[in-house]
Amino acid sequence: MIQVKSNEPNKIIEDWQRLVELLPQGWEAKARELGALKFGRSFSGPESLLRTLLIYLSDDCSMLETAERARLGELVKISDVGLLKRINKSGPWLRWITENLIQEKPPGVMQSGVLGGRRLFAVDGSVVSEPGAVTHTWRLHYKLDVGTLQCEEAQLTPVKTGESLTLFSVQKNDIVMADRGFANRRGVNHVLDAGGDVLLRMNLKNLPLTNESGEDFNQLVHLRSLKKGQVGQWSAVMEGTNGPVSVRVCAYRKTDEQRLKSERKQRQAAQKKQKKLRPETIEAAGYVVVVTTLKELEASAIMDLYRHRWQVELAFKRMKSLLGMSRLRKKDPEGAKAWLQGKLLVACLIERLIVLGEHFSPLDDFEQDETSETTSMPMA
């Protein structure tokens, strides 16, 4: 006999209520305050609007398909043009929900125990382009708590706003990791002035260093002293807000296989940009070099810690592949920003559900199987 459940509508309602419980307090009132419902009377309220928006954002439906699904689900009767206008007006509301959701730590989540309880963050940026002829392109700036794998901050700016640590808030004892694009004096001092520490991929061009004698830090001379697979460290000095700041340069010399792979990637990237690589640039590809203000860890531990930065890269990949964020579906700036804010909200909700684990509880599914009303159906 095949068991056919008859409580599917109840399950959908139950799942939606679980999702609503994750939302920050005041999310319904903010819908009208921020204009998401101000100009439209088609929706019965904030809940029906949000459910309709999530159909569009999470399933990547077209406007027509979203409007039809919302009608069949008895959420709203609206045209695709009306839905487009409503989505465009919902950007500030979606942003408010996302920002407040990020700020609220989920119950029962353990904070990062890295470095005696100090918080460890990975930050990055990624360009999201519009379809067709690009007239407006956006940059997503993202900060991830490595201890909880939760999004801590997310900002959307025009692409002309470059990557910078100054875009993120920093508290005392925070540790911020980032790639070489963030390694510049202004951004590092932003973190240090707030009482934090940095762990960054080396970028001598934008973050010049000297040795203790005041001479330029000669990176390659030091790197050449390492054997394959060996880790080393050297003291250096950078210019801080209030004077010289002591830093450490830590490095790992790659194996021949790793070096050749890195050189191949560099040549491909240079060929694509029609640029000629300098011999020094090719040689530096044989090493992983970071600069840090952390004092309590050995060089090998610093290099291990930097590997955690890939968590933020994985977060970007999830958003771009699973949520379709690699290319915008909107051409006007207002619609593009609303679409991106909505995608960020979906990503944060997914992260929160994963952390809580309640939605996927095997025990919960088992209990529902035992208590569901069922109808017996003979096998064909």
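Which residues touch the most other members of the largest nonpolar core? Let's find out, one close-up at a time. This is a predicted model, where local features need pLDDT of at least 70, side-chain atom pairs count only at pLDDT 80 or more, and totals for chains, interfaces and linings use all residues. Residues are numbered from 1 along each chain as its sequence is written, and side-chain values use heavy atoms, with hydrogens and water left out.

**View 1. The largest nonpolar core.** Here are the residues we asked about: W27, L50, W93 and L305 touch the most other members of this core of 70 residues. A nonpolar core is a set of buried Ala, Val, Leu, Ile, Met, Phe, Trp, Tyr and Cys residues joined through side-chain atoms within 4.5 Å. Buried means under 20% relative accessible area, with a 1.4 Å probe and protein chains only. Helix α13 (residues 333-356) gives the most to this core, with 10 residues; helices are DSSP runs of H or I with at least four residues, strands are runs of E with at least two, and both are numbered from the N terminus. Apart from this core lies another one, of 29 residues, including V176, A178, F182 and V198.

**View 2. The aromatic pair W27 and W93.** The structure holds 1 aromatic pair. The ring centres of W27 and W93 are 6.3 Å apart and the planes meet at 20 degrees, so the pair is stacked. For such a pair, centres must lie within 6.5 Å (Trp is represented by its six-membered ring), and planes under 30 degrees apart count as stacked. Because W27 sits in helix α2 (residues 27-33) and W93 in helix α6 (residues 91-103), the pair ties together parts that are 66 residues apart in sequence. W27 counts as buried at 5% relative accessibility, and W93 counts as buried at 0%.

**View 3. Helices α4 and α5.** Helix α4 (residues 63-72) packs with helix α5 (residues 80-89) at an angle of about 95 degrees, their axes 9 Å apart. The two helices are therefore roughly perpendicular to each other, a label for angles of 65 to 115 degrees. M63, L64, T66 and A67 of α4 make the contact with D80, L83, L84 and I87 of α5, where contact means heavy atoms within 4.5 Å.

**View 4. Helix α7 and its strands.** In helix α7 (residues 185-193), G187, V188, N189, V191 and L192 are buried. The buried residues of α7 pack against β5 (175-178), β6 (197-201), β7 (231-240) and β8 (243-253). Just after α7, look for G195, which takes a positive phi of about 95 degrees.

Note on methods: Buried means under 20% relative accessible area, exposed over 50%, partly exposed in between (1.4 Å probe, protein chains only). Axes are lines fitted to C-alpha atoms, for helices over the stretch in contact, and angles run from 0 to 180 degrees between N-to-C directions. Angles under 35 degrees count as roughly parallel, over 145 as roughly antiparallel, 65 to 115 as roughly perpendicular and the rest as oblique. Rings of Phe, Tyr and Trp (its six-membered ring) pair if their centres lie within 6.5 Å; planes under 30 degrees apart count as stacked, over 60 as edge-to-face and the rest as tilted.
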